[in-house]
Amino acid sequence: MVNDAQVQSSPNSDGRGDGRTNEKCDVNKNVQLLEYKGILWTCGLREICLTALWLPLGALIFCYVTAAIFQADDVHETHCRVYNVVPSISAITGVSPQRYIWRICIAFHLGPRLLIGSIYYNYHKVRTAYITEEKTRALANKLGEACYWLNFIELFALTGVTYISNRENYFVHEKIFIIFMAASLVHMLCRARVGCIASDIVEPVRTNKLVWTLFYVAIAATIGLIIFFLRHRLLCRPLAFTWFSICEYILATSNMAFHAIVVRDLPLHELRVVCPTSSKTN
């Protein structure tokens, strides 16, 4: 009898189960499925570039002010122990805790700098496509590729001089700094050259004159930096290291401005995260 009751009750239980399933199906029909189409995130290229500028510039100002106030004896000490007024960038970013602020800001600004390098590569590639003469177009393509790879070398060298301070390993720090200076100057020259090539056929880059100006300023600062460095190391002249540091700050500032002028070349462009219009289906 128990088995018969169980057999008889099973259809009723199945009926109730079907009703609940139907109710769940009705509820699920009312649930909206999200496809996440459209723009999910957007940011202006101007904001990205200004962030890449102000991170190292703000950190440099912070390190200079705090080191000059609280650690003047440490940052003004020189190789020849002569009178010095302006500490070098390596000195103010090599003491603690300034070194940590400087390293954090440099690390965060590397991403936007890589993005800017890729953007300029494609920007020059589009401009080069309008050049009709084959030799000139080939030269422009080579200069554009040179700018792209020089930007990589410059960033790697900047990372090296940031994380290998002159207090930890002066020999390696000095050699990486030389690579950074050489790469940055050649990068400026290539950018200035590719921006005005075939100007009779296609419009020059908007900021090309400014790039040439920054290049000349950087060349003058580099020459002064070398002269005063030798006067300090070989002759131990008073204030020679001060003028070396001033040239170093001019070189660093011109380099930062050089990488930030993309805001004038592409003032309205922006970076977006958006779902593609066509996607693969399995």
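Which helix holds the place of Ile 69? Ile 69 sits in helix H2, which covers residues 45-70. The model described here is predicted. Its protein chain has 10 helices and 2 strands, and buried residues make up 39% of the 282 residues. The points below cover the fold order, the surface patch, the salt bridges, the pocket, the cavities and some backbone details.

**Chain layout**

- Read from the N terminus, the elements of the protein chain follow the order α-β-α-α-α-α-α-α-α-α-α-β.
- Helix H5 spans residues 98-128, and helix H6 spans 134-163.
- Helix H7 covers 170-196, helix H8 covers 208-235 and helix H9 covers 240-260.

**Nonpolar surface patch**

- A nonpolar patch on the surface is formed by Trp 54, Ile 61, Tyr 64, Val 65, Ile 69 and Phe 70.
- Together these residues have about 660 Å² of accessible area.
- Ile 69 counts as exposed because its relative accessibility is 57%, and the cut-off for exposed is over 50%.

**Salt bridges**

- The structure holds 5 salt bridges.
- One of them joins Arg 103 and Glu 168, with the closest N and O atoms 3.5 Å apart. This pair links distant parts of the chain, its members being 65 residues apart. Arg 103 belongs to helix H5, while Glu 168 is in the loop between helix H6 and H7.
- Lys 175 pairs with Glu 174, and here the closest N and O atoms are 3.1 Å apart. Lys 175 is partly exposed at 35% relative accessibility, and Glu 174 is partly exposed at 23%.
- Arg 272 pairs with Glu 270, with 2.5 Å between the closest N and O atoms. Arg 272 is partly exposed, with a relative accessible area of 47%, and Glu 270 is partly exposed at 40%.

**Largest pocket**

- The largest pocket contains about 610 Å³ of space.
- Its lining is made of 25 residues, and those closest to the centre are Asn 166, Tyr 170, Phe 229, Phe 241 and Phe 244.
- Helices H3 (72-76), H4 (89-92), H7, H8 and H9 are the elements that give two or more residues to this lining.
- By residue class, the pocket lining divides into 12 nonpolar, 7 polar and 6 charged.

**Cavities**

- A search of the whole structure finds 3 cavities of 30 Å³ or more.
- The largest cavity has a volume of about 430 Å³. Of the 29 residues that line this cavity, Ile 89, Trp 102, Leu 158, Phe 180 and Ala 252 are the closest to its centre.
- At least two lining residues of the largest cavity come from each of H2, H4, H5, H6, H7 and H9. H9 gives the most, with 7 residues.
- The lining of the largest cavity comprises 17 nonpolar, 10 polar and 2 charged residues.
- The second largest cavity holds about 60 Å³ of space. Its lining consists of Gly 117, Tyr 120, Tyr 121, His 124, Gly 144, Cys 147, Tyr 148, Asn 151, His 187 and Arg 191.
- H5, H6 and H7 are the elements that give two or more residues to the lining of the second largest cavity. That lining divides into 4 nonpolar, 5 polar and 1 charged.

**Backbone details in loops**

- The peptide bond from Ser 96 to Pro 97 is cis, with omega near 10°. Pro 97 is in the loop between H4 and H5.
- Ala 198 has a phi near 55°, a positive value in a residue other than glycine. Ala 198 lies in the loop between H7 and H8. With 12% relative accessibility, Ala 198 counts as buried, since buried means under 20% relative accessible area.
- Leu 239 is not a glycine either, yet has a positive phi of about 65°. Leu 239 is placed in the loop between H8 and H9, and is partly exposed with a relative accessible area of 32%.

Notes
Residues numbered from 1 in each chain as written. Predicted model: local features only at pLDDT ≥ 70, side-chain atom pairs only at ≥ 80, totals over all residues. Heavy atoms only, no water. 1 Å grid on protein atoms, 1.4 Å probe; cavity = no way out; pocket = protein on both sides within 12 Å on 5 of 7 lines; lining within 4 Å. Points joined across faces, edges and corners; volume = space filled by probe spheres on them. Helix = DSSP H or I, 4+ residues; strand = E, 2+ residues; numbered from the N terminus. Nonpolar A, V, L, I, M, F, W, Y, C, P; charged D, E, K, R; others polar. Patch = residues over 30% accessible without salt bridge, like charges linked within 9 Å, V, L, I, M, F, W, Y side chains within 5 Å. Areas by Shrake-Rupley, 256 points an atom, 1.4 Å probe, with all protein chains shown as cover. Salt bridge = Lys/Arg side-chain N within 4 Å of Asp/Glu carboxyl O. Buried < 20%, exposed > 50% of the residue type's maximum accessible area, 1.4 Å probe, protein only.
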